[in-house]
Amino acid sequence: MRKMRRKSALIFAALLLMLAAAPGNVYGSLGIETEKADCSIAFDLGNLTGEGSDFAGLTALEIPVDLYKVADVKMDGSYVPGSSYSGLAEDLKAALDAANVQDQERKAEEWLNLAEGFRELIPENTFGEYQTTLTEGAGQIDDLPVGLYLVCARKVWSEEFIYTFSPYLISVPDNGYYKDDTREDAWIYHVEVSLKPERENRFGDLEIVKTLDSYNESLGSATFIFQIDAHKDEFTYSDVVSLVFDGPGTRSVILRQKLPAGASVTVREVYSGPSYSAGSGEIQNIESALAATILSDKLEVNMEEKPKNQVSFTNHYDNRLNGGTSVVNHFTYMEGTQGGPWVWTQQGDSSEGE
C-alpha cells in the first residue's frame, strides 16, 4: 500500500510539471462552446471623440458596419476558414492555422494582414451577413454564432471631412487573459470593440468669373491675373490663374478640388492690364465651406457641374492707350521626371488647361 501511494504521488507530481511546462497560450480549461449562437459584439469609437479631437465629428454621423463570418472557431480556440474564403493566400492560410483566440493581441501585424486578405475576397458592393449602424458613436450586433468575424465599417463624410475605417478581425468568443491586468482566464461571448478611423479633408471647387464690359481692339488681347490664397488649420494653398480676353464678354476659370472644405479663401485681382480699370472690389473673400457635390448618396464630384463657390470681377476700358501682356509660370513637383522634380510650364490663359 505504501508503494502504491508513493507511485501515485510521483505520477501526480509529474502531471503538475507537465502542466507547468505547457505552452503559454493554452487557456480556457472548460473549452469553447462552439454551438453557442447568442453571442454579441458592441461597437464604439473608443476615446477618440473627446472635445478637440480630430474625430469628434464622428459622433454626429451614422456609421454603417458590415460583419462577415470568415472562419469557425474550434473548441481549443483554433480557426477553420469558411468555404467562401478558400482563396486566401498560402502565407495567410499558414498564419491562420497557427493562430489561436488567445494570441491575437500578440500578433497584431499578422491579424492586420489577414483582415486585408479576407477583405480582398469579398466582392464589391456585397453587404455583410450581419449589419449594424453606429448612432452617437455606438452600435451592437446580437444573436451571433461563435466564429471569427471580419469587421468592415463603411466610409462616411461630413461637410468638411471624409472618414474611413481599417478592416479588422474579431474573435467570438474572445479570451480575457490579455484584456487587463487581472489575467482572468475566461471566454468572453459578449465582445466590446472600437472602430479604427482615419480622417482626410474634403475638397471643393471654386469658379472665378471675369466680365469685361468694354474693350479696345487696337490694343490687342487683355490679360487679367488673380491670386488665390486659402488657409485651414495647417493647410495652406496659394496660386495664381489668368484669363485672356480678345473682346468684351464674360469668361471664367475653375479650380477643381484644390481648396479644402471649411477653408478661409481670399481671391485678389493682382493684374488688370494697363488700360482696364476694376469695376468692383479687387479683393473678395469666401467664408462659406467649400463642400464637394454629393450625388446618389455616394461621395462623387460632378466635373460638369458649376461650382457652388464663385467670385466675380468686372473691368472696363478706361480710355488709356497702353498695351500690355503677361504670362503665368507654373511649377509642378513631379518626382522622377527628367530635368528635375520641378517642372516649369507657362500659361497665357488658365482656363485652357481645364
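Q: How many aromatic pairs does the count come to?
A: This is a predicted model, and the count comes to eight aromatic pairs.

Q: Take Phe55 and Tyr163. What kind of aromatic pair do they form?
A: A tilted one: the centres of Phe55 and Tyr163 are 6.4 Å apart, with 50° between the planes.

Q: And where in the chain are those two?
A: Phe55 is in the loop between strand S1 (39–44) and strand S2 (63–73), while Tyr163 is in strand S8 (residues 161–165).

Q: Is Phe55 buried or exposed?
A: Phe55 is buried, because its relative accessible area of 15% is under 20%. Tyr163 also counts as buried, at 2%.

Q: Which residues form a cluster with Phe55?
A: Phe161 and Tyr163; with Phe55 they make one aromatic cluster.

Q: Next, Phe203 and Phe235. Why is that pair edge-to-face?
A: The planes of Phe203 and Phe235 are at 65°, so the pair is edge-to-face; the cut-off is over 60 degrees. Their ring centres are 5.8 Å apart.

Q: Changing topic: what sits over the ring of Tyr168?
A: The charged end of Lys196, 4.6 Å from the ring centre. Elsewhere, Lys36 lies over the face of Tyr189, at 5.3 Å from the centre of that ring.

Conventions. Residues are numbered from 1 along each chain as its sequence is written. This is a predicted model: local features need pLDDT of at least 70, side-chain atom pairs count only at pLDDT 80 or more; totals for chains, interfaces and linings use all residues. Side-chain values use heavy atoms; hydrogens and water are left out. Rings of Phe, Tyr and Trp (its six-membered ring) pair if their centres lie within 6.5 Å; planes under 30 degrees apart count as stacked, over 60 as edge-to-face and the rest as tilted. Helices (H or I, at least four residues) and strands (E, at least two) are DSSP runs, numbered from the N terminus. Buried means under 20% relative accessible area, exposed over 50%, partly exposed in between (1.4 Å probe, protein chains only). A charge sits over a ring if NZ of Lys or CZ of Arg is within 6 Å of the ring centre and within 35 degrees of the ring normal.
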